[in-house]
Amino acid sequence: MKEYVFKVVVLGDGNVGKTSLVLQYTEKKFSSSYVMTIGSNFAVKILSLPERGLKIKFQLWDLAGQPHFQFIRPPFYRGALLAILVFDITNRKSYDNIQLWVRETKNNVGDIPMILAGNKNDLIDQRVIPKSEGEALAAELNSRYFETSAKTGENLDEMMMH
Ligand code: GDP
């Protein structure tokens with residue numbers, strides 16, 4: 001079986017659910033208490049696809065989104081093959097700031113594939129970003145758009161497998 005290591009950086013403003021998405025994807029767990037990420041979290045998920053003779057080791061790096069951690073972020077981008085840009089569908093500022101995350105990614109690793117995730121899809125009654133806006137931004141970034149929930153796990157496997 002061929003084994004690949006695939007480094008993924010999970011980016012976006014603080015509080016959008018980056019740590020929660022990684023935790024849900026790797027351990028099927030969700031916690032509603034908020035613990036701020038200091039620097040970075042790191043998790044691994046091994047995906048075996050025996051029918052394709054493949055084993056993929058996802059290294060997921062979730063970087064602290066707060067601006068004051070900006071100076072320690074560049075090394076974490078090194079070698080990243082994919083960026084997952086996360087915003088919160090109930091928070092317009094986190095959507096607007098995706099542009100800043102795109103710029104920071106390009107400055108650090110150049111043009112790598114990106115996926116846009118509109119998270120907290122379970123809080124549908126508090127939604128302020130319609131699906132069409134998520135899709136429009138994804139199109140602009142040449143990426144796919146997924147609406148996810150770190151709470152229910154909705155769309156997470158689809159996003160990572162696509
Ligand atoms: P990060 O700063 O981007 O890593 O965000 P966290 O993963 O720490 O999540 C911030 C807060 O939002 C926490 O209280 C989480 O429980 C909550 N949260 C994260 N994802 C979701 C989600 O999909 N749905 C709901 N309802 N809450 C979420």
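**Pockets, surface and salt bridges of the chain**

The lining of the second largest pocket is made up of 11 nonpolar residues, one polar residue and one charged residue (nonpolar are Ala, Val, Leu, Ile, Met, Phe, Trp, Tyr, Cys and Pro, charged are Asp, Glu, Lys and Arg, and the others, Gly among them, are polar). The structure is a predicted model, in which local features need pLDDT of at least 70 and side-chain atom pairs count only at pLDDT 80 or more, whereas totals for chains, interfaces and linings use all residues. Residues are numbered from 1 along each chain as its sequence is written, and side-chain values use heavy atoms, with hydrogens and water left out.

The second largest pocket holds about 240 Å³ of space, and of the 13 residues that line this pocket, Phe6, Phe58, Met160, Met161 and His162 lie nearest its centre. Two or more lining residues come from each of strand S2 (40-49), strand S3 (54-63) and helix H6 (156-161). On a 1 Å grid over the protein atoms alone, a pocket is an open set of points with protein on both sides within 12 Å along at least five of seven lines, a cavity is a set where a 1.4 Å probe fits but cannot get out, and lining residues have an atom within 4 Å of a point. Points are joined across faces, edges and corners, and a volume is the space filled by probe spheres set on them.

The protein chain as a whole contains six helices and six strands (DSSP runs numbered from the N terminus, H or I of at least four residues for helices and E of at least two for strands). Along the sequence, these elements follow the pattern β-α-β-β-α-β-α-α-β-α-β-α. Of the 162 residues in the protein chain, 46% count as buried (buried is under 20% relative accessible area, exposed over 50% and partly exposed in between, with a 1.4 Å probe and protein chains only).

A search of the whole structure for cavities of 30 Å³ or more finds one, and the largest cavity has a volume of about 60 Å³. Helices H1 (18-27) and H6 are the elements that give two or more residues to the lining of the largest cavity. This lining consists of Val10, Leu21, Val22, Tyr25, Leu60, Ile84, Leu156, Met159 and Met160, and by class it comprises nine nonpolar, no polar and no charged residues. Within H1, the buried residues are Lys18, Leu21, Val22, Gln24, Tyr25 and Thr26. After H1 comes lysine 28, which has a positive phi, near 55°.

Isoleucine 46 belongs to strand S2 and is partly exposed, its relative accessible area being 48%.

Four salt bridges are present in the structure (a side-chain nitrogen of Lys or Arg within 4 Å of a carboxyl oxygen of Asp or Glu). In one of them, aspartate 88 pairs with lysine 120, and the closest N and O atoms are 3.4 Å apart. Because aspartate 88 lies in strand S4 (residues 82-88) and lysine 120 in the loop between strand S5 (114-119) and helix H5 (131-140), this pair ties together parts that are 32 residues apart in sequence. Aspartate 88 is buried, with a relative accessible area of 5%, while lysine 120 has a positive phi of about 70° although it is not a glycine.

Arginine 127 and glutamate 147 form a salt bridge through their side chains, at 2.8 Å from N to O. Since arginine 127 lies in the loop between S5 and H5 and glutamate 147 in strand S6, the pair ties together parts that are 20 residues apart in sequence. Arginine 127 is partly exposed at a relative accessible area of 26%, whereas glutamate 147, at 7% relative accessibility, counts as buried. Another salt bridge joins aspartate 111 and lysine 106, with 3.7 Å between the closest N and O atoms; here aspartate 111 is exposed, with a relative accessible area of 67%, and lysine 106 is partly exposed, at 40%.

Strand S6 (residues 144-147) also contains arginine 144, a partly exposed residue with a relative accessible area of 44%. The C-alpha atom of arginine 144 is separated by 5.4 Å from that of isoleucine 115, although the two residues are 29 residues apart along the chain. In the loop between S6 and H6 lies asparagine 155, which has a positive phi of about 70° although it is not a glycine; asparagine 155 is partly exposed, with a relative accessible area of 24%.
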